[in-house]
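Please examine the sequence and the three-dimensional structure shown here. The paragraphs that follow lead through selected parts of the fold.

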Amino acid sequence: MTLASRLALAALLSTGALLLGCSGDSSGDHSHGEDAHSHAAAPRAAESAHGSGTATTEWSDRLEIFAEHPVMVAGQESAPWAVHVTRLDGYRPLTEGALTLRFRRPDGAAYVHSVEGPPEPGIFTPQPTIPETGTFRLFAVVEGPQAQDTVEVGDVTVYESTSAAPAPGGSSAEISYLKEQQWETAFGVAEVQKRSVQRSIEAPGTIEPFAGRHAKVSAPVSGLTPARANLDMPVPGDRVQEGQTLGILSPSGGEGSYADLMGRIERLEREVRRAERLVEAEAIPEKRLVETRHDLELARAALESMGGASGGAVPDTASGSIARSVGDSGFNYHLEAPITGRVQERHLAPGSRVEVGTVLYTIVDPNRVWLRLRVPAEHATAVSGATGAVFTVEGSDTAHEASRLVSTGASIDADTRTLPVRLEAPNPSGALKIGMMADARLLLGDGTTGITIPNEAIQTEDGRPVAYVQTGGESFERRPIQLGPTDGQYTLVERGIQAGEHVVTTGAYQVYLASLNTSQIGHGHTH
């Protein structure tokens with residue numbers, strides 16, 4: 001279906017009023033003019049004839065304007081245009097607001113035509129009238145709750161008659177993928193830009209705990225875990241502070257046990273105090289006091305080896321592990337957090353018996369982690385120039401950065417033929433979990449500047465890299481490309497694409513399928 005037929009179906013959908021602006025900036029309409037609010041438009045992707053009219057596509061930072069319009073004849077109301085307005089944030093059609101077309105003359109005056117609200121989502125159908133022939137610079141002004149922007153669309157020529165217009169042309173090699181299809185599916189494009197890209201090495205990896213920020217808390221004594229005393233202790237996911245009580249143990253008795261040492265220390269402390277008084281009264285030799293103090297020191301050292309306090313039987317709980325709590329039966333052992341972090345695992349069950357060495361808690365400080373990579377042996381000599389890494393973890397496409405090289409292995413693993421490399425990665429959100437598998441790119445040396453595209457835009461067809469370039473609002477080309485270095489997010493393109501063009505990043509497969517449907521070439525759809 002030709003553009004004229006396609007637009008005729010919408011002829012009754014809109015009407016418009018035409019105003020003649022004054023020269024320069026004296027008109028009130030110029031408050032939304034191109035000099036005050038226009039954005040630097042990206043290079044025009046295409047201007048090709050469709051039926052008896054022209055299609056032009058331009059982008060700003062926020063909008064894409066795809067304008068199809070018939071031949072403009074001086075003094076005649078045009079057939080309805082089809083101005084497609086797409087919000088680049090989410091790539092969805094504009095559904096409310098006003099569209100103003102400003103046709104600027106060479107002397108600065110402008111003919112203005114406005115329409116309110118698209119009759120169909122994303123598609124405005126203005127019918128402007130220009131009273132004179134000539135070439136006018138067109139600006140599309142969008143105002144509404146969803147977007148406010150001015151886009152410089154390009155030149156529009158007004159002819160004396162339809163016959164004076166040049167014959168339409170077109171490219172039979174273009175792929176047609178309609179706006180209605182783009183808006184209804186996941187779709188997105190990105191502008192090709194010059195960037196600096198670092199050479200990289202692809203390597204698998206694992207998320208590991210940062211040194212000193214991962215602790216396994218074991219029972220230093222055998223005993224019971226009193227049920228009532230351990231009901232409100234931290235559980236996995238809880239954040240704990242260094243020194244916070246994680247659990248309470250009631251130590252078992254017996255010679256040399258925790259309870260036995262506690263009792264012995266109490267007894268020796270009493271004996272030391274008594275011996276001090278007797279020595280002062282010269283009732284016993286000082287040697288007896290020295291021997292009793294020595295026995296007390298040995299008992300305290302034995303208690304310290306079990307994780308107990310060394311300063312007495314009832315020390316300040318902020319500096320020791322032993323305290324007589326309300327409801328405690330005798331002296332209980334308070335298991336404390338050695339670091340600040342989150343509880344990853346808890347194996348302490350209230351009312352159970354535990355043995356010495358049983359791991360009761362695992363605590364991790366997740367704010368920073370290590371990324372341990374296994375770099376293939378053939379790249380081992382290049383690792384010394386590593387400056388960081390970008391990586392993703394299983395179950396997510398979010399790119400993370402490892403900011404600092406921590407260590408490089410001194411030898412190649414004989415079984416895997418890889419070199420271990422550790423990097424430090426920030427993890428303020430806690431999204432990186434210990435043990436996660438990672439796919440990473442180790443960044444090497446200084447960057448190389450050139451034309452780049454997002455990695456999502458790179459497709460492989462018949463074993464060769466290609467990208468789909470948007471040459472117009474509904475027109476695409478399949479481009480074979482030659483690739484250079486990549487940093488995992490962007491890849492240098494050595495041949496096949498120019499800066500300023502737009503490549504499909506989301507929905508490239510749908511464009512490929514559209515290329516197989518030759519019946520759609522020619523934009524045969526109605527509005």
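**A guided reading of the model**

D462 is exposed, because its relative accessible area is 78% and the cut-off for exposed is over 50%. The structure under discussion is a predicted model. In this model D462 belongs to the loop between β31 (459–461) and β32 (464–472). Its backbone has a positive phi of about 55°, although D462 is not a glycine.

E282 is not a glycine, yet its phi is positive, at about 60°. Is E282 buried or exposed? With a relative accessible area of 73%, E282 is exposed.

L335 counts as buried because its relative accessibility is 3%, and buried means under 20%. In sequence, L335 and L360 are 25 residues apart, while in space their C-alpha atoms are 9.3 Å apart.

Strand β6 (residues 82–87) is mostly covered, since five of its six residues are buried. It has several antiparallel partners. Strand β4 (residues 63–70) is joined to β6 by six bridges, and the two run antiparallel. Within this pairing, A67 has V83 of β6 as its bridge partner. Strand β10 (residues 123–124) also runs antiparallel to β6 and is joined to it by two bridges. Here V83 stands opposite F124 in β10. Strand β7 (residues 92–93) is likewise antiparallel to β6, again with two bridges, and R87 stands opposite R92 in β7. The strands β6 and β7 form a hairpin with four residues between them, where G90 takes a positive phi near 95°.

A second hairpin is made by β8 and β9, with five residues between the strands. In its turn, G108 has a positive phi of about 100°. How many bridges join strand β8 (residues 98–104) to β9? There are seven, and the strands run antiparallel. One of the facing positions is R102, which stands opposite V112 in β9. Strand β9 (residues 110–116) is mostly covered, with five of its seven residues buried.

Attention now turns to the aromatic side chains. A pair of aromatic rings is described by the distance of the centres and the angle of the planes. The model contains eight aromatic pairs. One of them is formed by Y177 and F187, whose ring centres are 5.7 Å apart and whose planes make an angle of 40°, a tilted arrangement. The two residues are ten apart and the pair links distant parts of the chain: Y177 lies in the loop between β13 (175–176) and α3 (179–184), and F187 lies in the loop between α3 and β14 (188–191). Both Y177 and F187 are buried. They also take part in a cluster, in which ring pairs link Y91, Y177, F187 and F476.

R195 lies over the face of Y490, at 3.9 Å from the ring centre. The charged end of R213 is placed over the ring of F210, at 5.0 Å from the centre of that ring.

The final topic is empty space. Rolling a probe the size of a water molecule over the atoms shows where such space is left. The largest pocket holds about 390 Å³ of space. Its lining consists of 15 residues, and those lying nearest the centre are T392, D439, N455, G488 and Q489. Which strands each supply at least two residues of the lining? They are β26 (386–393) and β30 (437–454). The largest share comes from β30, with four residues. Sorted by class, the lining has six nonpolar, four polar and five charged residues.

How values were computed:
Residues are numbered from 1 along each chain as its sequence is written. This is a predicted model: local features need pLDDT of at least 70, side-chain atom pairs count only at pLDDT 80 or more; totals for chains, interfaces and linings use all residues. Side-chain values use heavy atoms; hydrogens and water are left out. On a 1 Å grid over the protein atoms alone, a cavity is a set of points where a 1.4 Å probe fits but cannot get out, and a pocket is an open set with protein on both sides within 12 Å along at least five of seven lines; lining residues have an atom within 4 Å of a point. Grid points are joined across faces, edges and corners, and a volume is the space filled by probe spheres set on the points. Ala, Val, Leu, Ile, Met, Phe, Trp, Tyr, Cys and Pro count as nonpolar, Asp, Glu, Lys and Arg as charged, and the others, Gly among them, as polar. Rings of Phe, Tyr and Trp (its six-membered ring) pair if their centres lie within 6.5 Å; planes under 30 degrees apart count as stacked, over 60 as edge-to-face and the rest as tilted. Buried means under 20% relative accessible area, exposed over 50%, partly exposed in between (1.4 Å probe, protein chains only). A charge sits over a ring if NZ of Lys or CZ of Arg is within 6 Å of the ring centre and within 35 degrees of the ring normal. Two strands pair if DSSP finds at least two bridges between them.
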